[in-house]
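This briefing is a guide to reading a structure element by element. Please look at the sequence and the model below before continuing.

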Amino acid sequence: MPRLTRARSTWRNLVHRDRVEHDLDEEMRATFELLVEENTRTGMTAADARRAAALALGPIESVKDQVRDVRAGATIDSLMHDLRYAVRMFRRRPGPSLVAIAMLATAIGVTSAMFTLVDALLLRPVPFRAPEDLAHLWMRDEHGGLVTVAPAVLQAWRECGAFSSVESAEADTALVEFDGSVAVRAIAHVTPGIFDLLGGVRPLRGRLFEPADGTAGNTDRALLSEDVWRSLYHRDPDIIGRRITVGGESLIVIGILSSEFRFPAWNTVIWRPIDLSAPSRTGAAPRARAYVRFTKTVPRADAARIATATARAADASNAQKRVQVDPLAGLVLDPYYQRAVPVLAGAVVLMFLVLCANVSSLLLARLTARQREFSVRSALGASRARLLRQGLAESLLLGALAGASGTGVGWILVSLARTFLPEAFLIRTLNPLDLDARALAFTAGVGLVATIAAGVLPAWLGSRMSGESLRLTDRGATESRGARTLMRALLTVEVALACVLLVGATLLVRSFVNLARAGRGLETRGVLTATMSLPRPAFADAASRTAAAQSIEEQLRALPGVRQATWSFGIPPSGGAISFGDWISDEGRTIDMDVDRYSVGPQFFSLYGIPLLRGRSFDPADPAGTVVVGDGFAQALWPGADPVGRTFTFMRERFHVIGMAREIHHPSLDARLDRPEFYEPFAGVGSYAMLSVRCDPACPDPALIRQRIARGHPAARVVSVRALDDVYFEELARPRASAALALVFAVIATLAAAGGLFSVLTYAVARRRREFGIRTALGASGLEIGSLVIRDGMFVALSGLSIGALAGWAMGRVMRSLQYGVTPGDPVSWTVVLAVLVITTVVASWRPARQAMLVNPVLMLKEE
Amino acid sequence: MASRRTSLLQGTLDLLILKALATGELHGLGVSRRIEQMTGGTFLVQPGSLFPALHRLEEAGWLTSTWEPSENNRRAKYYTLTRAGRRQLEQETAEWNRIALGIARALEA
């Protein structure tokens, strides 16, 4: 058959369907008239002629159907017909389909949203060319403090040959003025070469920075992110060359960058060029925050060694410091995410499987109930292929609706994540958070397979046992064995997976509760901390700093509600300077440990509610080298002995112990973060210091504190003002988010399993009405009938539970690193899980059992 | 495919329709009557077989159809052989003759 003719016919048949149908009608009518005419000529009466004609033509509709079947495009046409039929079925009983669609949409949406997060946080390191060669360089002092470098060092690094390029990028925030209003935006000061260093950056409009940008006379340049261009400047098409006001300066926009470019921080939206060789406006010596790209030819260890030597040669203040290399790709490889995200991703996959299995068993139950319909249609001559196509059409409709709503759910979830995820999460990725198309395609594909499998199977069963089952279903037989086994197996899997999820979620929730409740060794309520910097040019000597500190302290003490205020270097929970190495007691005991080293004023202990267990706090008269130790530190150096009056040595420096304070605890999944500590007397405010205040009954507003600090000394720069309670609360943000997510997955899975059990039992009861009627007639009590059904549910649930318990135990062991204060065999968690699942099973079986008990044998017989 | 007197061989119906139309255009009923006449009443083609076959042959490009006034002065759908249809008729006739010859030989043997 010529392909072109066929294609033309297909087109005509499908598109001009009405005209084709009309032609067929006309042809049939004309043939009928011709037959009548013929008959009349043979001498029949008009009525006889018509009757004979009708007889000769046969059933017109059937003739037309046969014609339709041979038409080109008949398959597509009948698929459309099947789809219309499916829509009708869906409209008639939308309940089960809606439930299935909702479940599948949830599964698709949640899974793709989760995959998007995993992908952004863990799988893709940073969205730049050869990210494994990129690193951030610091100078690290002997206390573990990290500092940026002088421009001379940056220049020396560029020339030392260890790196293919070295640039600087410093994140900052600035007030952006637009349309008579202002907004705070994250900006960055970058050397012009930074885009080349990262690689693959192209402006959407305009150009990137050139070497001349940032040099004298060319400092007023800016690159904008698509985001601010859209949100603040209404996508102004003439934005290139326009002047905008950032941080009180008028800048010329020279280019627009894609909103997907995020560097150096995840929220940077404006970039300004910086020339490190020129002195900065404030007169302060500029510092460089160095980003480097390693060359393939120099090994990393050598490059670091060369960089350290070069930095020391270029700047004498680096004499005691060493280079620290923070790989950019490692930015995301935070140990917490490395452990938590795979566990959560695994949980979401389990939930996805539960929902798919549930959709399958739900459709299976519904369509098996329609087996009679399939049998009737099969007996009336519908071919098996025809019935399969029908089942397929219904599944396709369902799958398509679920896929569409799933996309919506996923999109909403990712938008919510973008808006509501704690910054602690987002800051970990330079990747944009966009719903991942691959994940969406994959989950929608799996969902479609699940629905198709569930839709086609009953049609196949129905067509296979047409004649026989027509007789059987009329007699109210029990479910067919194949469907029964399959549905029970699916349910068992669901319960098992739900059990695993519940175990995991309960352990995470218990860990979170333990973390939140864990003793911290201090009183957090009513404490505010202010961290500030007193930069060098404005505060040339110690005397000017001391004066400023005194003035600031007075300002804060004058605020209503403030009871105590004390300066320190180091505040809980982040601690002070970290000192690591060998600590040697006066008895010669040597311990290698990491220690938090605080410098505190005399009131520090009473302000934080840290009790002194032995000895006393500091006195202004105490000589240097006098220390108070935490009891953990004391226990390590002088086990079981009173440390007061003892001495110890660290880095050839000798310390004299005058008191012992109760240990501060830092409840964390990472035990290494809970370091022992010791306190030195506060030697005066340096360039960086913390002021803690205790207030009663209520703390002043942080904004007020900022204002008073500025009043105390205008050059003091406030880094942060926070309530201590908030700080601890945020410390828990990640375990809380993990526990909440896991709990949501587990609850969805459990509800789905319960729903599956409910629908399968209800369906089984409907099929076994006859059996229950006979049993009742033969004297079985309602209780016996009901327990039959509940036993049926319990059997499925218990087999699921026993598989799930084993898997859950394994799961608990795998995620041990996320547990705090619980073991995988935690009896409380297991009791909760078992109770929840058993109660869920009973609740889900209750209504079907009631229905079985209420079967009236007399009515039953009448129905027969 | 059904016939009151003799059941048609698979594929024979197409050949008969093409042959019936070889002498000129006919409407559906006309094709049926012509086949009856050509075969001396051996084959009676039922509408349930005839119309699907006509439509199939038309979609294959072997027939075309036009609406024209019929003998009773009403509109009827008339089928005509196309050039491709004529070639198809020749081919199928040759094929049929070959089969018929083969079967005749087999029966004589």
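In which sense, left-handed or right-handed, does helix 25 of chain A pass helix 26 of chain A? The crossing is right-handed; a crossing is called left-handed if the near helix is turned anticlockwise from the far one by less than a right angle, and right-handed if clockwise. The model is predicted: local features need pLDDT of at least 70, side-chain atom pairs count only at pLDDT 80 or more, and totals for chains, interfaces and linings use all residues. Residues are numbered from 1 along each chain as its sequence is written, while chains are lettered from A and ligands numbered from 1 in the order in which they are written.

**Two helices of chain A**
- Helix 25 (residues 782-814) and helix 26 (residues 827-853) of chain A have axes that come within 8 Å and cross at roughly 150°; axes are lines fitted to C-alpha atoms, for helices over the stretch in contact, with angles from 0 to 180 degrees between N-to-C directions.
- Helices (H or I, at least four residues) and strands (E, at least two) are DSSP runs, numbered from the N terminus.
- The residues that meet include Gly786(A) and Ala797(A) in helix 25 of chain A, and Ala844(A) and Pro848(A) in helix 26 of chain A; contact requires C-beta atoms, placed from the backbone, within 7 Å.
- The residues of this contact comprise 14 nonpolar, five polar and no charged; Ala, Val, Leu, Ile, Met, Phe, Trp, Tyr, Cys and Pro count as nonpolar, Asp, Glu, Lys and Arg as charged, and the others, Gly among them, as polar.

**Where chain A touches chain B**
- In total, 22 residues of chain A are in contact with 19 residues of chain B.
- Helix 1 (3-15), helix 2 (17-41) and helix 4 (60-70) of chain A each supply at least two residues of the side of chain A that touches chain B.
- Helix 2 of chain A gives the largest share, seven residues.
- This side of chain A has ten nonpolar, six polar and six charged residues.
- Helix 2 of chain A lies across strand 1 and strand 3 of chain B, at about 100° to strand 3 of chain B.

**The sheet of chain B**
- Three strands form an open sheet in the order 1-3-2, with antiparallel pairing; two strands pair if DSSP finds at least two bridges between them.
- Strand 1 (26-27) and strand 2 (63-69) of chain B are at the edges with a single partner strand each, so one side of each lacks a neighbour in the sheet.
- Strand 2 of chain B is joined to strand 3 (residues 75-81) of chain B by seven bridges.
- Thr64(B) stands opposite Thr80(B) in strand 3 of chain B.

Conventions:
Contact = placed C-beta atoms within 7 Å.
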